[in-house]
Amino acid sequence: MTVAEPVAEPVAEPAAEPAAGPVADAVAAGRLPGRVWFYSNYHCNLVCTYCLTESGPKVARRELSRDQMVEGARQARELGFTELGVTGGETFLMPWLPEALAEMAGSLPVVVLTNGTLFGRRLLDELEALAGLPVALQISLDRPDPDANDAMRGPQNFRKVVAAIPELVGRGITVRIATTVESIDDAELDRLCALHRDLGVPDDDHVIRPIVARGRALDQGLGVHAALPELPAELTITADGAFWSPFGPTVRSGALDTDLLITRTTQPLSVPAEAQLRLLDDRPQGEDAALNIR
Ligand code: SF4
């Protein structure tokens, strides 16, 4: 067992000049969503039935480095973006993630998506440094009953998640719950909401979103159609390029989907950001994204 390294303090940022430029203008006008996403990795300890990225323990990892994410966060703020997202794969398989989150939060608020199954004592201790920082952990929890929840996500998922959430909340860490379902009836939803309140997560931090028909979900005949016109234009950076949305860099039959690829160039961040703006400007007026998925 290795000794947990201390989590870096966020870099104190000087009072910044308001960002200026085309990205800042588009974000301020509400034309471009303010969040930039980073895919930290594609591997996962789970193999969920509806996984968009076909993640699992043995897939190609497609990792971003810690430096790419921290520097990307800094550039995002300079350009005028207002929020950051981190997703995967299971993000907390990256051992440097707690430190990177603390550093990224020195630039902009961060939400990090996780399956919530890896929060053993050592990781919980590392995450204590995130308390009070603008970092939210968004944990997947689909159903209020273990069997129904675990049918799509794997054995023991429910048990681990409901154990982890109070541990995180008790350490002062902001937790959101994401419920990803084809459908859920009112009674089941009521029980799920009662559960997340019991776990310390308020209603405002519970999001319900549809399964998107890409990756493994498409093979299973699950989910809603989502191509460029349906998806909010949230710039998404991966090891393989920049995409239109976090629902873009999905994987099917082991190959990365490229229908929503904007450019292979991800550095400096202004290159994909301005390329996405040009694509937005080419869209007819009124063609706003139809799917509001977070
Ligand atoms: S849906 Fe999330 S937790 Fe499940 S296999 Fe995919 S990346 Fe892992």
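This is a short tour of the structure, stop by stop, with something to select at each one.

**Before you start**

You are looking at a predicted model, in which local features need pLDDT of at least 70, side-chain atom pairs count only at pLDDT 80 or more, and totals for chains, interfaces and linings use all residues. Residues are numbered from 1 along each chain as its sequence is written. Helices (H or I, at least four residues) and strands (E, at least two) are DSSP runs, numbered from the N terminus.

**Stop 1**

Ala, Val, Leu, Ile, Met, Phe, Trp, Tyr, Cys and Pro count as nonpolar, Asp, Glu, Lys and Arg as charged, and the others, Gly among them, as polar.

**Stop 2: two helices side by side**

Two packed helices are described by the angle between their axes and the distance between the axes. Select helix H2 (residues 66–79) and helix H3 (residues 97–104): their axes come within 9 Å and cross at roughly 15 degrees. That angle makes H2 roughly parallel to H3. Here, axes are lines fitted to C-alpha atoms, for helices over the stretch in contact, with angles from 0 to 180 degrees between N-to-C directions; under 35 degrees counts as roughly parallel, over 145 as roughly antiparallel, 65 to 115 as roughly perpendicular and the rest as oblique.

Now show the residues in contact (C-beta atoms, placed from the backbone, within 7 Å). On the H2 side these are Arg66, Met69, Val70 and Ala73, which meet Ala100, Glu103 and Met104 of H3. By class, this contact has five nonpolar, no polar and two charged residues.

**Stop 3: what covers H3**

Stay on H3. How many of its eight residues are buried? The helix is mostly covered, with seven of the eight buried. A residue is buried if 20 or more other C-beta atoms lie within 10 Å of its own, exposed if 12 or fewer, and partly exposed in between, with C-beta atoms placed from the backbone. Select Leu97, Pro98, Ala100, Leu101, Ala102, Glu103 and Met104 to see the buried ones. Their cover includes H2, strand E2 (83–87), strand E3 (110–114), helix H4 (121–127) and strand E4 (135–140).

**Stop 4**

Arg31 sits in the loop between helix H1 (22–28) and strand E1 (35–39). Arg31 is partly exposed because it has 13 C-beta neighbours inside 10 Å. Leaving out residues up to four places away in sequence, Arg31 touches Ala26 and Leu280.

Next, find Cys193 in helix H7 (residues 186–198). With 17 other C-beta atoms within 10 Å, Cys193 is partly exposed. Again leaving out residues up to four places away in sequence, Cys193 touches Asp203 and His206.

**Stop 4: backbone details**

Zoom in on the peptide bond from Gln267 to Pro268, which is cis, with omega near -10 degrees. Pro268 belongs to the loop between strand E11 (261–263) and helix H9 (270–282).

Finish at Gln156, in the loop between helix H5 (146–153) and helix H6 (157–170). Gln156 is not a glycine, yet has a positive phi of about 70 degrees.

Note on methods. Two residues are in contact if their C-beta atoms, placed from the backbone, lie within 7 Å.
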